[in-house]
Amino acid sequence: MELLISILVGILFAVGVYMMLSHKLLKIIIGTAFLSHGTLLMLMTVGKLKRGAAPIIVDGVENAAYVDPIPQALILTAIVIGFATTAFSLVLAYRCYQELGTDETEQMRGDFTDEH
Amino acid sequence: MSTNLIVLPIVIPMFTAIVCMFLHGHDIRLQRVAAALSAAASIVVGLIIFSRVLPGDTVLVFTASGWAAPFGIVLAVDMFSAIMVLMANVVSAACLYLAFTSLDSDREENYFYPVWFAIMMGISGSFVTGDIFNLYVMFEIMLMASYVLSVIGCTPGQLRESFKYLMINIISSTIFVVALALLYGMMGTLNMADLSQKIAQVEDQSLITVCSMIFFVVFGLKGAVFPLYFWLPRTYVEPPAPISALFGGVLTKVGVYAMIRVFTLLFVGDVGFTHNIILIVAALTMLLGVFGAIAQMDFKRILSIHIISQVGYMIMGLGLYTPWGLAGSILHIAHNMVVKSSLFLFEGVTEAITGTGKLKEMGGMLNKFPLLGWGFFVAAMSLAGVPPLSGFFSKFALMSAAVDIDNYWIMAVALITGFFTLFSMSKIFFYVFWGEEKPLPEGAGEVKWRRMLPCCFVLVLISIGMGLAAEPMFNVAMAAANQLMDPELYINSVMAVPGVRG
């Protein structure tokens, strides 16, 4: 199972990087979303994919198989952060499109020596 | 020692941000008062924390909701963190003063102060945290606010550069999470003190070294080291001066701080490999940063490219990995936070008067604005490392540390970089302040530049003070460096604090 998910993570990364190499702002943003989903899956995989009880210690029950809760807490945090960043980048891309009149990164290039 | 004091650097800016958000739409002076009070309170808290750790035998620890390490989130402040918190808050206060006096009302009234304190919360949080995932969260808070600050005002240039800045940081955050996942997968903990103990017990360090290099890339991207600095000059040039000053003075140093923290506490298993790479990268960063600056003919661009070469000095001490070298790094970070921000603030005042940043369109301002000119001169000389200013002593420490371990090539690189820094700083001085007077644009006489100057001068005075009080500064930096080189105290303090629960 871990192997399968690892390959999936790899595919997500590849798709994300491919999208980020394109010229359109929107594609780049979707690419970042793929990347962050890949990392979330990876976080989950390093915590070992297994079935088990919720990690709450109850009196009288010993040696129960618990699931490691930390990766899930980390994923939750990372999802929130990723959500905020994606929302912000979408707004920024829209505003860029409005102000600069283009969503092509090639045309957005500002020369370092020109007027600004 | 367990204390609640070290939560304050995070909590004070957080509440100020919230209060300022509610004051939006009211008289802007209310927000200014709140901002000024909060900045003052943060400095006081910084001073108290610093005085508590100054004896050198205490590390302040806070366990969130009473969960003891390694199960809960801990905050831990040693001398290095305390110095960083204090300096960051001093610089922020000075930049805020320029924002009060020079920022246009469009920007200032458009949630400037809430975002400012959000970024301060992230920065202080990164300095005080003792948990590496918490470090990631604090980085994200800081970055989210920095995206907004870099785009506030929405000029075409700002939009363009902010988008690139945003993308670079999304990529680096992704890599950060990957590195965290690998580290957690190997070690099963994210508390830095606990990680340090567990990593030391691992026999085969090769995977740890791989992981450490991923962290190096992440922090290198934030701290702008070779070859990951390409985004920095343009992003830092576009926003108005108070924001550039905060970015240039404090933001990159957070990356450098994190790098020094992990490469002294966690990844010390294969120093011959990792720290030599850091040293080589430091040399390239210094050289390429300073050469980039020589080619420029714009006030602000020269300053922002110089950030890169200065980052090279900071990680040079880490690469040497001796107490004296690290002390040099710490001194250089403290010195550079102050001086770099003051230079950006001087640039802001100059640009407010002349309305341009181009060196060739300015000239002879020394006649009409002697205070501005000589103030800039002192700050510039401090950056270049002229005694008796603070820049000289930090570079002296770094270079003598290099000589101590017979590493002459890095010393040569540092000297060359210092020389070219002097060259480009005097270039600015000669073009802008020296020489024939060029006509100022209309309305220049009405700019209230005298009101803007105090913040610059406070920072210049701190730089002079740090230079004149070199011996106590060396002692403090040396004590901080010893704590970093021998993390026993840090680890024991964090692990010894008993939790209230569990």
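In which loop of chain B does Leu228(B) lie? Leu228(B) is placed in the loop between helix 9 (206-223) and helix 10 (232-237) of chain B, where helices (H or I, at least four residues) and strands (E, at least two) are DSSP runs numbered from the N terminus. The structure is a predicted model, in which local features need pLDDT of at least 70 and side-chain atom pairs count only at pLDDT 80 or more, while totals for chains, interfaces and linings use all residues. Residues are numbered from 1 along each chain as its sequence is written, and chains are lettered from A and ligands numbered from 1 in the order in which they are written.

Leu228(B) is buried, because 21 other C-beta atoms lie within 10 Å; a residue counts as buried at 20 or more such atoms, as exposed at 12 or fewer, and as partly exposed in between, with C-beta atoms placed from the backbone. Apart from neighbours within four places in sequence, Leu228(B) is in contact with Gly220(B) and Leu221(B), contact being defined by C-beta atoms, placed from the backbone, within 7 Å. Between Leu228(B) and Trp409(B) there are 181 residues in sequence and 23 Å in space, C-alpha to C-alpha.

Chain B as a whole contains 20 helices and two strands. Its radius of gyration is 22 Å, close to the 23 Å given by the globule rule for 502 residues, so chain B is as compact as a globular protein of that length; the radius is taken over C-alpha atoms, and the rule is 2.2 Å times the number of residues to the power 0.38. The C-alpha trace of chain B spans about 70 × 55 × 40 Å along its principal axes. Of the 502 residues in chain B, 62% are buried.

The largest nonpolar core holds 223 residues, of which Ile315(B), Ile330(B) and Leu345(B) touch the most other members. Such a core is a set of buried Ala, Val, Leu, Ile, Met, Phe, Trp, Tyr and Cys residues joined through C-beta atoms within 7 Å. Beyond its neighbours within four places in sequence, Ile315(B) has contacts that include Val225(B), Val256(B) and Met259(B).

Helix 11 (residues 241-265) of chain B has 25 residues and reaches 36 Å from its first C-alpha to its last, close to the 36 Å expected at 1.5 Å a residue; the expected span is 1.5 Å times one less than the number of residues. At Phe247(B), helix 11 of chain B bends by about 35 degrees, the bend being the angle between axes fitted to the seven residues ending there and the seven starting there. Because 25 of its 25 residues are buried, helix 11 of chain B is largely enclosed by the rest of the structure.

Gly385(B), with a positive phi near 95 degrees, follows helix 15 of chain B.

The contact between the chains takes 26 residues from chain A and 23 residues from chain B. On the side of chain A that touches chain B, helix 3 of chain A gives the most, with 14 residues.

Technical notes: Contact = placed C-beta atoms within 7 Å.
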